[in-house]
Structures are given as C-alpha cells and as structure tokens.
Amino acid sequence: MHSSEFIKGTLKTLILKLLKENGKMYGYEITQCVKALSRDTIQLTEGALYPSLHALELEGIVTTESEIVNGRARKYYSLTPTGKTAAKEKIAALQSFLQTVQVILTADKKTIQTI
Amino acid sequence: MSDEEIGHIKKQLLQYCDEEHPVFDSLLDHLACLIEDNKSDQSFHQKLVIAWDIFSASEVQEIQTQINTYNHMKTQKLVNQGLIYSMIFSIGTMFTGMAIKIAHGPGALAFILLSLLTATLVVLPLVMIKTYQQEGLKLSKWNNLTLVVSILLFCTGVLFKISHWPGATALMLSGIGSFCLLYWPFSFIEKWKNADNRWTVLLHHMLMILVALMIFGLFKV
C-alpha cells in the first residue's frame, strides 16, 4: 500500500486523468477505478476524495450532474472546457515531475559526487 | 436496493452529516455502493455495519469540515474580488468627478455622488463582512471599522463642503468626533496594553490627534 503522503499531492491529477478518459464518473467509481488500476496499492479514502472533488468543482475544473440510480441521487463529475485544458497541463506537469524524481533516485554515487 | 434500505442508510448518515450539505448525496451513494458491492450472504444490516466501519463517522465529519472550509474560502475570495472592484470603481469615479470639477465641466457632482454611494453602500458593507469572516467580533476589528466609518463620514463631509451642499459641517464633525471618541481611546488602550515599547504607542497616538486637529482646522469646520 502506497503512503497517503504521496497520494495527497497527486490525487487531483489522478482524478482529472480518470475524468479525461472516462468522460463522467461518480465518487465510488473513481475509488474503485484507482484501486483496480493500482492493483490495490492505492486506496482512496472518502475523506480525501470528496473534498478534492468539491475543490475542483469550486475551481471550475469539474462540473456535476445528478441522476437517480436505484432510488438515490448519484452525482456524476465531468471536466468543464477549462478543466480539459487544466487536466492536460496537470498530467504533463506530474509526469515531468515524476521523471525528474526518477533521475534523482536512480543517480549513482559517482554522479552525485561529481556535482 | 429498496427504498426502505436507502432510508436506513440515510438515517445512519444523518447522525453525522446534514442532509443539506453538498456532499450528503455523494456519501449516501458511496455507502449504498459499498453495500451493493458486498456479495456475501450477510443481511443488509450486517453489510451496513461493515460499510459504516470502512467509512467511519469521524471521516464523514472531517469531509464536512474540509468542504465547509473550501466554501468559506470561496466566499472570502468573492468578497475580496467585490471589494477590489468596488474600490477601484469608487476611486475612479471620485477622481473623474474631481477632474471634471477642477475643469469646471458638467456632471462632476453626479460622478462624486456615485463614488460616495458605492463607497457607502458597497465598499463599507463588504469591509464589514470581510472583517466579520476573518476575526468574528473582536474589539480590534470593530476599532478598525470605527476608523473606516470616521474617515468615510469626514470625506463625505469634505465633498459636501466642496459642493456647497447643506450638512457638510455636521458630517465632518461627526467624522472627527467618532475618530476622537470611538476610535482613538480604544485603539490607544488596546495598543498600550500589548505594546513592547509604550512610548512609541504614545507618540503615535499623539501624532494621530495632531493630524486630526490639523485636518479639522484646514477645512475650517
């Protein structure tokens, strides 16, 4: 299981990536999708997911629509036109960051000492 | 899932979350999904207990707190934006009015009046909302408000005087009066109590009174 510290900083980008590919998703679906894609190593908690979704909604990045499913209201989240651009930028930024981290983590002793 | 079962989940959730809260429907659906995904032979109530264990009451309250914080930040942002735009508008119309007045052009008073109305009806209430949001009812904040009101009253009086309208003296006097009687003593007491260097506070407040008296004399109230 991955540390919640890593998830905290990348959660919004993960949500945006899923919404970009899936169109619209509801909260539980997002948690299950992340769980499956990460082979159970990332388990999103409701405490982290819903405040992030709400923050993205307030920022105008995602929009919501409600549908009645099995007798209850289900809130679907999807990207707004601004959100689509923001999603691309955030995904690219995270990928670039991860590559940089990878370079640092794989650097050998000799390389570090020559700097 | 039957309506009765949905009702049970709702009842459970209502103990920790307000039905009107923006996240209520999502949490209800999430809990229902957890129960639906439990394919064991357990009864609905057992499944609800398990789902609720995964969920945890503290988590629900934490979600509400975080979302309320976001909403509060959003309101603050809107108030700040409104304040900036209304201040720009008010200052802009004031300068335009004054420029027209100096050039003896027509419509100067309309601009000045518009500026004053914006300052009184929009800027000041927004300042009060912002103050209340930030600190609640604290003496220091009310002190700052009395300063804003005093300045506003005095400036309105000055503009009335320039325009030769009646009531200018009364407005300027009430501005200076509220500054000397409401703002100055409370500000002095509060800063005196908390100051590291009390002489600076004394000097600062004496200068304040001198400046107020100079302005008072300048406009020959």
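What percentage of the 221 residues of chain B count as buried? I looked this up and found 20%, where buried requires 20 or more other C-beta atoms, placed from the backbone, within 10 Å of the residue's own.

**Conventions.** I note that this is a predicted model, in which local features need pLDDT of at least 70 and side-chain atom pairs count only at pLDDT 80 or more, while totals for chains, interfaces and linings use all residues. I number residues from 1 along each chain as its sequence is written, with chains lettered from A and ligands numbered from 1 in the order in which they are written.

**Chain B, overview.** I recorded eight helices and zero strands in chain B; both are DSSP runs numbered from the N terminus, helices being H or I of at least four residues and strands E of at least two. From the N terminus on, the order reads α-α-α-α-α-α-α-α. I then took the contacts in chain B between residues at least 6 apart in sequence, and 57% of them join residues at least 24 apart. Contact here means C-beta atoms, placed from the backbone, within 7 Å.

**H1(B) against H2(B).** I examined the axes of H1(B) and H2(B), which come within 10 Å and cross at roughly 125 degrees. Axes are lines fitted to C-alpha atoms, for helices over the stretch in contact, and angles run from 0 to 180 degrees between N-to-C directions. I list Ile6(B), Ile9(B), Lys10(B) and Leu13(B) of H1(B) as meeting Leu27(B), Leu28(B), Leu31(B) and Ala32(B) of H2(B). By class, I found seven nonpolar, no polar and one charged residues in this contact. Nonpolar covers Ala, Val, Leu, Ile, Met, Phe, Trp, Tyr, Cys and Pro; charged covers Asp, Glu, Lys and Arg; the others, Gly among them, are polar.

**H1(B) against H3(B).** I next turned to helix H3 (residues 44-55) of chain B, which packs on H1(B) at an angle of about 35 degrees, with the axes 11 Å apart. From H1(B), Glu5(B), His8(B), Ile9(B) and Gln12(B) meet Phe44(B), Leu48(B) and Trp52(B) of H3(B). I counted four nonpolar, two polar and one charged residues in the contact of H1(B) with H3(B).

**Chain B against chain A.** How many residues does each chain give to the contact? I found 21 from chain B and 18 from chain A. On the chain B side, helix H1 (3-14), helix H2 (24-37) and helix H4 (57-102) are the elements that give two or more residues. H2(B) supplies the largest share of that side, eight residues. I sorted the chain B side into 12 nonpolar, three polar and six charged residues.

**Sheet of chain A.** I traced an open sheet of three strands in chain A, in the order S1-S3-S2, with antiparallel pairing; two strands pair if DSSP finds at least two bridges between them. Strand S1 (24-26) and S2 of chain A stand at the edges with a single partner strand each, so one side of each has no neighbour in the sheet. The twist averages 35 degrees from one strand to the next.

I noted eight bridges between strand S2 (residues 62-69) and strand S3 (residues 72-79) of chain A, which run antiparallel. Val69(A) has Arg72(A) in S3(A) as its bridge partner, and Glu67(A) stands opposite Arg74(A) in S3(A). Two residues lie between S2(A) and S3(A) in this hairpin, and Asn70(A) in the turn has a positive phi of about 50 degrees.

Notes
Two residues are in contact if their C-beta atoms, placed from the backbone, lie within 7 Å. A residue is buried if 20 or more other C-beta atoms lie within 10 Å of its own, exposed if 12 or fewer, and partly exposed in between; C-beta atoms are placed from the backbone.
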